[in-house]
Amino acid sequence: FQAYGSSTADRKECRHCNTPMALMRHVSFVDCPGHDILMATMLSGAAVMGAALLLIAANEPCPQPQTAEHLAAVDIMQLKHLIILQNKIDLVRESAAREQFRAIRAFINGTNAEGSPIIPISAQLGFNVDVLLEYMVRTILVSQWNFV
């Protein structure tokens, strides 16, 4: 699984083995601001979301105030699909990553996010981005919106 910009042709060869790949899905991302004064903006955007990614920096304590606010918004919106990304995994030792993983699990316990996957990634290095893409394609159904 690989990600490309929307201007890329639907048929592309794998950058690793040159095997032809088929387009599986187009995905749009809405970057929701993490500051409390912008929560209304985030909630209005969440009204048409079928899923959400909750990014947590591996090199910071969890939860940060904006992380707690976004998790509360996910609970309010009752999003069925949440993927938690433990980002910047390349900046911490394995023991620190494991400790934070447990802190994330404790943080989401008792919320709609309980049981959501936590995927350690390095967006900068592309580590586990393929895992995220595969999970999204295989697990999250394409949302059908009816605004009538």
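Reader: Hi! How many salt bridges does a search of the whole structure find?
Author: Two, where a salt bridge is a side-chain nitrogen of Lys or Arg within 4 Å of a carboxyl oxygen of Asp or Glu. Bear in mind that this is a predicted model, in which local features need pLDDT of at least 70 and side-chain atom pairs count only at pLDDT 80 or more, while totals for chains, interfaces and linings use all residues. Residues are numbered from 1 along each chain as its sequence is written, and side-chain values use heavy atoms, leaving out hydrogens and water.

Reader: Thanks! Which side chain does Arg98 meet in a salt bridge?
Author: That of Glu94, at 2.7 Å from N to O. Both lie in helix H3 (residues 94–108), four residues apart, about one turn of the helix; helices (H or I, at least four residues) and strands (E, at least two) are DSSP runs, numbered from the N terminus.

Reader: And where do Arg138 and Glu134 lie?
Author: In helix H4 (residues 129–139), again four residues apart.

Reader: Is Arg138 buried or exposed?
Author: Exposed, with a relative accessible area of 61%. Glu134, at 33%, is partly exposed. Buried means under 20% relative accessible area, exposed over 50%, and partly exposed in between (1.4 Å probe, protein chains only).

Reader: Switching topic: what is the strand order in the open sheet?
Author: E3-E4-E5, with parallel pairing; two strands pair if DSSP finds at least two bridges between them. Strands E3 (52–57) and E5 (118–120) stand at the edges, each with a single partner strand, so one side of each has no neighbour in the sheet.
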